[in-house]
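The sequence and structure come first.

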Amino acid sequence: MTAGDRIPNTPEPAPADRHAAWLSADRGDGTYRNPVLAADWSDPDVTRVGDDYYLTASSFGRVPGLPLLHSRDLVNWTLIGHALERPAPAEAFTVPRHDCGVWAPSIRYHDDRFWIFWGDPDHGIFQVSAEDVRGPWSRPHLIEPGKGLIDPCPLWDERTGEAYLVHAWARSRSGIKNRLTGHRMRPDATGLLDDGTTLVDADRIPGWFTLEGPKLYQHDGWFWILAPAGGVATGWQGAFRSRGFFGPYEEHVVLAQGDTDINGPHQGGWVRTPAGEDWFVHFQEQGPYGRLVHLQPMRWDEGATSRSGSVERGGGWPVLGEYGSPVREHPKPALPPQPPTAPVTDDDFPGGRYGRQWQWAADPGSGWAPPHSGDGLRLTCVRTPDAHDLRRLPHVLTQRLPARPVTVEVGLRLESAEPGAKAGLTVLGDAFSWIGLERGTDGRARLVHRFAESLAEGERDAAHSWPAPDERARLRIVIGAGARCRFAADTGDGWTPHGQVFAALPWRWVGALLGLFAAAPAEAGDTGGGHAGTALFTHFRITPVARRRPAADE
């Protein structure tokens, strides 16, 4: 199941980042509190190489894709890069495709290489590989074209030399769902060797629906498929086992919400530590925040005992969480202690460069973030006929929304002199709202706050605009419980709140995002793409919202 002890070009343990440690799940007393990744790291999978753990997740249409996270203790994680520099096929992602692209990847280590497989529901099954997890990674290779082929996972049988692949189906593209299909695969992962065999047809299992997200393993003489069912928000984690890859398989529910507050605990990966402890990572769907990553203890029980004390049939099944229900708090894995850390959020944009936590909404064009010698991020005000709707803009630079009450701040100077040029800070999803600066027809910069509802074709004012005499502003969004957002700005006279509360909304499969953008309206008949000057962003910060202490008489 796990890789050996050889560590190829292993990254050094990342020091605790002063801007991200507060997001760590590490409680500092030998325990952790779920989620271990409190943001939308959707459909996680994990593998171990030596003493290091690597996690990847769905990236859909954002660029770069296939995030790579590293940990030494499965609780404290850092983002070390991305495996997919450009999406494939590139021409399909020149515009935002928020719910398409990279779905549910699997990460493995085989033959001294890292491998990541994913399904694109519109194009087929791809893989990339690398000797060093930090790259360079190979270009995407399409190993099986087709519609609706999703959630692939490979397995190399070290005993026989055979290679296999299992995948699920997207009914929206193929008309098929609730089914897992298995193939023999070329050992070099360049293609499949057969047309596929149905391994599990969950339509034949009473009560099972939306079976997807399979992960394939070998253990104790069995082929194991760990796969979720029951839907993203309310489903459960299933396990299937067979003595042969092509079945027949028997099934068992190994993780479900039970009487906890962790809804739909499912879809993820199993990993074993060098000491032999087993752990399972999975997601919990949390509306505007997307899919948060949880860590569950895992053990093997010859007579898997239920919470009520009854012995389940079959024996030899994995037991996840506490008697099959997810834990909120738990002792950490028995691994060397690590400093509390989490993926970085803040950015000073040194040398005009943005950090690896940022992703474009689509495949980046030339000159979107022109280099310069100073600090701060200079974004081009790209001319576009879609300047009125941020959901359509590829040149929005995004990062994940923390699932915590936070304050987001950034500095902005509008350098473009073109009327209609604008730039700002946004919360972007199926609906969006932003605050920033816009150049008026009189040549002056004004502070504006706009929003668009889910079905709206464009934005409208959320508050009255007012002058920004220095053509700069400090922008703020305070995000409270339920991702309810309050906007404010400081143009030199102190912080002033703007507009009504905005409730962030996710797309269908993707949580809401934070974003920076610059744009300008295209002239009549202009299809866009030209440059209309720039905007400069500085000192991006995300900080926790302090809890108010009750007064003595409360």
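Of the 554 residues of the protein chain, 59% count as buried, where buried means under 20% relative accessible area with a 1.4 Å probe, protein chains only. This is a predicted model, in which local features need pLDDT of at least 70, side-chain atom pairs count only at pLDDT 80 or more, and totals for chains, interfaces and linings use all residues. Residues are numbered from 1 along each chain as its sequence is written, and side-chain values use heavy atoms, with hydrogens and water left out.

**Overall shape and surface**
- The radius of gyration of the protein chain is 24 Å, which agrees with the value near 24 Å for a compact globule of 554 residues; the rule is 2.2 Å times the number of residues to the power 0.38, over C-alpha atoms.
- Along the principal axes, the C-alpha atoms fill a box of roughly 75 × 65 × 45 Å.
- The protein chain exposes about 21800 Å², with 48% supplied by carbon and sulfur atoms (Shrake-Rupley method, 1.4 Å probe).

**Secondary structure and contacts**
- The protein chain has 1 helix and 36 strands, taken as DSSP runs (helices H or I, at least four residues; strands E, at least two).
- Among contacts with a separation of 6 or more, 61% join residues 24 or more positions apart; contact means heavy atoms within 4.5 Å.

**Site around P154**
- P154 lies in strand β10, residues 149-156.
- The relative accessible area of P154 is 0%, so P154 is buried.
- Beyond neighbours within four places in sequence, P154 contacts S106, R108, F117, Y164, L165, M185 and L216.
- P187 is 33 residues from P154 along the chain, and their C-alpha atoms are separated by 10.0 Å.

Methods
Buried means under 20% relative accessible area, exposed over 50%, partly exposed in between (1.4 Å probe, protein chains only).
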